[in-house]
Amino acid sequence: GQAGIGRQPVPIMASASDSKCAVCGKSAEKLLKCSKCKSESYCGKDCQLAGWGEHKKICGKRGLASLLQNLEKESEAYTREDWESVLAFAKECEQDLAVHFDPDCELKMLRPLGMAYRRMNRCGDAARTHAKAAGLAIARGNFLLQGKFLLEVGLDHQQMGDSAGAGTWFENSRAVGANALKAAELLEDNDAEKISTTAQATELLLQLDTLMLERVERMASGETLPPATSNP
């Protein structure tokens with residue numbers, strides 16, 4: 001299986017995308033590529049072993065970047081087996097990044113973890129993961145990101161059938177989103193951060209309004225709330 005930081009290098013696979021070995025610089029038509037981050041190529045196992053001491057410091061980060069990019073493009077077509085692979089890989093990256101502590105990467109890592117848990121119907125684990133991410137976001141003073149993760153906790157509870165819990169988390173998210181919008185108003189009018197934050201906060205609040213309205217209408221009619229469908 002794949003190995004993490006502090007253990008043996010991860011397996012390497014055939015690749016023709018790069019022309020030089022990352023360690024010795026040797027050119028070849030086909031090199032072997034790190035199967036975890038898929039961003040470093042070698043002429044053979046000897047060079048991979050020689051370069052592992054340095055490469056292991058960035059392998060998890062690069063693997064995370066590749067995973068996040070693929071999730072953005074392809075997650076709607078993922079099968080349960082795909083999500084199991086995402087979960088296993090994300091948890092391994094989480095362990096790697098914990099060794100070389102990087103708060104920003106840790107926060108990013110929680111997103112695919114939460115997404116994988118929910119898609120596998122492990123909503124309790126998803127809620128705990130998203131709640132942890134919300135805590136990390138507020139520790140960094142990022143109200144907007146905190147609001148987004150609180151929304152995900154609400155969606156996790158909604159998928160579990162806990163309508164009361166979902167409503168509470170939605171309300172919390174709305175309050176944080178409103179704070180993010182107020183904070184953006186204090187920035188300079190032409191500031192790019194103000195434009196971006198305002199747009200994202202407004203989108204978050206509109207999404208919450210829709211979810212809350214749907215929740216009230218369905219509860220009033222006695223219907224069971226539908227599973228969550230929003231992407232993390």
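## A partly exposed aspartate and its partner

Asp125 is partly exposed, its relative accessible area being 21%. The structure described here is a predicted model. In this model, Asp125 forms a salt bridge with Arg128, and the closest N and O atoms are 2.6 Å apart. Arg128 has a relative accessibility of 57% and counts as exposed, because the cut-off for that class is over 50%. Both residues belong to helix α4, which spans residues 123–139, and as they stand three residues apart, about one helical turn separates them.

## Salt bridges between helices

Side chains of opposite charge can pair when their charged atoms come close. The whole structure holds six salt bridges. One of these joins the side chains of Asp156 and Arg118, with an N to O distance of 2.8 Å. Asp156 lies in helix α5 (residues 143–159) and Arg118 in helix α3 (residues 103–119), so this pair ties together parts that are 38 residues apart in sequence. Both partners are buried: Asp156 has a relative accessible area of 0%, and Arg118 has one of 2%.

A further salt bridge is formed by Asp209 and Arg174, whose closest N and O atoms are 2.8 Å apart. This pair links distant parts of the chain, for Asp209 sits in helix α7 (residues 192–221) and Arg174 in helix α6 (residues 163–185), 35 residues apart. Asp209 is partly exposed, at 35% relative accessible area, and Arg174 is likewise partly exposed, at 30%. Elsewhere, salt bridges with shared partners connect Arg118, Glu152 and Asp156 in one network.

In soluble globular proteins, nonpolar side chains tend to be buried together. The largest nonpolar core of this model has 20 residues, and Trp83 and Leu87 are the members that touch the most others. Helices α2 (80–99), α3, α4 and α5 each give two or more residues to this core. The greatest contribution is that of α3, with seven residues.

When residues up to four places away in sequence are not counted, Leu87 touches Leu113, Ala116, Tyr117, Met120 and Arg122. There is also a second, separate core, made up of eleven residues, among them Leu151, Phe170, Ala180 and Leu211.

Terms used: Residues are numbered from 1 along each chain as its sequence is written. This is a predicted model: local features need pLDDT of at least 70, side-chain atom pairs count only at pLDDT 80 or more; totals for chains, interfaces and linings use all residues. Side-chain values use heavy atoms; hydrogens and water are left out. A salt bridge is a side-chain nitrogen of Lys or Arg within 4 Å of a carboxyl oxygen of Asp or Glu. Helices (H or I, at least four residues) and strands (E, at least two) are DSSP runs, numbered from the N terminus. Buried means under 20% relative accessible area, exposed over 50%, partly exposed in between (1.4 Å probe, protein chains only). A nonpolar core is a set of buried Ala, Val, Leu, Ile, Met, Phe, Trp, Tyr and Cys residues joined through side-chain atoms within 4.5 Å. Contact means heavy atoms within 4.5 Å.
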